Amino acid sequence: MVDLVKNGVSKQELLNRHGSVLALSDVNIDIPARRIQVIMGLSGSGKSTLIRHINRLIEPTAGEIIVDGHNVLKMNENELRGFRRHRASMVFQKFALLPHHTIVDNVSYGLTVQKVPKQEVAERSQKWIDRVGLTGYENHYPAQLSGGMQQRVGLARALATDAEILLMDEAFSALDPLIRTDMQDILLDLQEELHKTILFITHDLDEALRIGDSIAILRDGAVVQKGPPQEIILNPADEYVADFIKDINRGRVVQIGAIMDGEQPESGPAIDQGMVIEDALQVLSQAGTNTVIVTKDGKPLGSVRLDKMLAAIARPKSGTSRSGTYR
Amino acid sequence: MNWLEKFPTMERQELRDFKKYIDLSFKEFSRTYGDGIESFFDPLLYFLVWLEKLLVNTPWPLIIIVIAIMAWVGARSWYIVAGTICSFLVIGYFGMWVDTMSTLAIISVATLLCISVGIPLGILMSRSDRLQSIVTPVLDVMQTIPSFVYLIPVVMLLGIGKVPGLLAVCIYALPPIVRLTNLGIRLVDKEVLEAAESFGASYRQKLFGVQIPLALPNIFAGVNQTIMMALAMVVIASMIGVKGLGLPVLRAISNQYLALGMLNGLAIVALAIIFDRISQSFGKRLQRHRESAHGV
């Protein structure tokens, strides 16, 4: 079967002729350490399968998963268990808490599995319960908490093992929008302090743009584009991606540095290149001019005029690839 | 067109030989291995006799107190405890105490036996679809085949007595616990199991920490069903020499003693209701964690 795919048999052909579904093929992603890598795709694009390959909850048919130079697929049962216990922990879409355990027992589950001494388990899990803001709920059962709180338990459970890799499978997708934003804030807060390598799966583009340091877009089991959020918005690789991003609020995502040109105007407010257009517009309207100077670490780099900003946040016509329009 | 009107059957002589062959070979088998199989079940017999003697010889107030305490521990309801005490007092008053104790002994041993065989079998079944497809039809047969049919080989093999009676009860009472253990473990939320796996839980940690605890309500429903079916077999078991409440019922049938039959029958019903209520409310208490804070 693997050979068929390597010889170029298409997904549809494989399904029709052999009854096998090609879930993922030719997915090569370098995940940056200590950053948030978002894998984004619609349902059926293979993203949940992909994340389960990393800790081998689903066994890949072929390929390699290299973590710090070690191939996860070559690990024997014991090494794999060690990898799951100490290196990579996971947060699930539907929380997947143990319903018969209290919150504190859920948070300490990973440590209990490792047979860490009781005293240490209690201290470490309490620390994370406090950190995610669930102090006082230690002896409740999961069913007694709201969805958002349950997912905080899921997050605390994953963090309690001190694994440096965090696999988050649509972790916030089951929550309502306000709570979801809350949870994203909690995650970003934690990340600022912990610097974990996070693999975050989502189908929500806004979420991807908000938390991702790097995004890979998955379609039908293949990566259609990968790169930082800016690049994906400004240079969608194909119509699929362009269609995908046409409805997002560009003003909140596109940074001023990405649309500047080299001219150096004599006057105007100076802003950092990392500022998003929405904020830059505010600076402009307060300053009463229509050109800003873009700086990096305080040194001027170039400038952006108001009409350029407006063009950048305008919604592109659907179905047209805008590759290279801005650069 | 003779074969259309009359079903084409085996030659009468051939059929007779065929039956004779089966009978003789089974007789041969039981003659050769009967003693061995019987001694294999000896520990079971000793345990059953010991328990029966214990129940019969212990002063009745002590038994009632112990049962009342068990009812309280199981059900945590004064209502059920009071009902249990009253039932046993009435049973004793109508002179059925010793028979009830015998029945209690065989039901307890049969239930323990079914649990110790059924739960591991159910766990194995939940692990393998292949085993499930083999065991399920066997369980179907065990549940539907008329009890008298398997009494014949059991009696041929082991004679008349407590052990064959116990086996007959177990054959009938085993399927629900196996089925419900298998079902309960298969129904455990896949994502929760994945979560346990993703934290590096070993096979044992998954089984005893996640699968069995979450399947417990179903397993308990199985235990409850097993007890009920064991009680239902009491009368049939008494046909092959098991003492207890079944024997007077049997006597009542052959002599048309209405009152005797009714009283002993009602005593069996009382036992069934008591066991059912206690084990059901115990099973419900195991699921307390499912209640949410919103009083649902």
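A:Arg52 and B:Glu194 form a salt bridge in which the closest N and O atoms are 2.7 Å apart. The structure is a predicted model, and across the interface of chain A and chain B the rule finds 1 salt bridge. Residue pairs in polar contact between chain A and chain B, with both residues at pLDDT 80 or more, number 7.

On the side of chain A that touches chain B, two or more residues each come from α4 (77–87), β4 (88–91), α6 (109–113) and α8 (147–160) of chain A. Of these elements, α6(A) gives the most to that side, with 4 residues. By residue class, the side of chain A that touches chain B divides as follows.

| Class on the side of chain A | Residues |
|---|---|
| Nonpolar | 14 residues |
| Polar | 9 residues |

The contact as a whole draws 30 residues from chain A and 21 residues from chain B. Between the two chains, chain A and chain B, an area of about 2,100 Å² is buried, and carbon and sulfur atoms give 60% of that area. In chain A, the residues that lose the most area to chain B are A:Arg84, A:His100 and A:Tyr109, which together account for 24% of what that side buries.

Chain A is divided into domain 1, spanning 33–227, and domain 2, spanning 250–313. The C-alpha centres of domain 1 of chain A and domain 2 of chain A lie 37 Å apart.

Conventions. Residues numbered from 1 in each chain as written. Chains lettered and ligands numbered in written order. Predicted model: local features only at pLDDT ≥ 70, side-chain atom pairs only at ≥ 80, totals over all residues. Heavy atoms only, no water. Contact = heavy atoms within 4.5 Å. Buried area = accessible area lost by both parts, 1.4 Å probe. Salt bridge = Lys/Arg side-chain N within 4 Å of Asp/Glu carboxyl O. Polar contact = N/O pair within 3.5 Å; in protein donor to acceptor, adjacent residues only side chain to side chain. Nonpolar A, V, L, I, M, F, W, Y, C, P; charged D, E, K, R; others polar. Domains from an automatic or database assignment.
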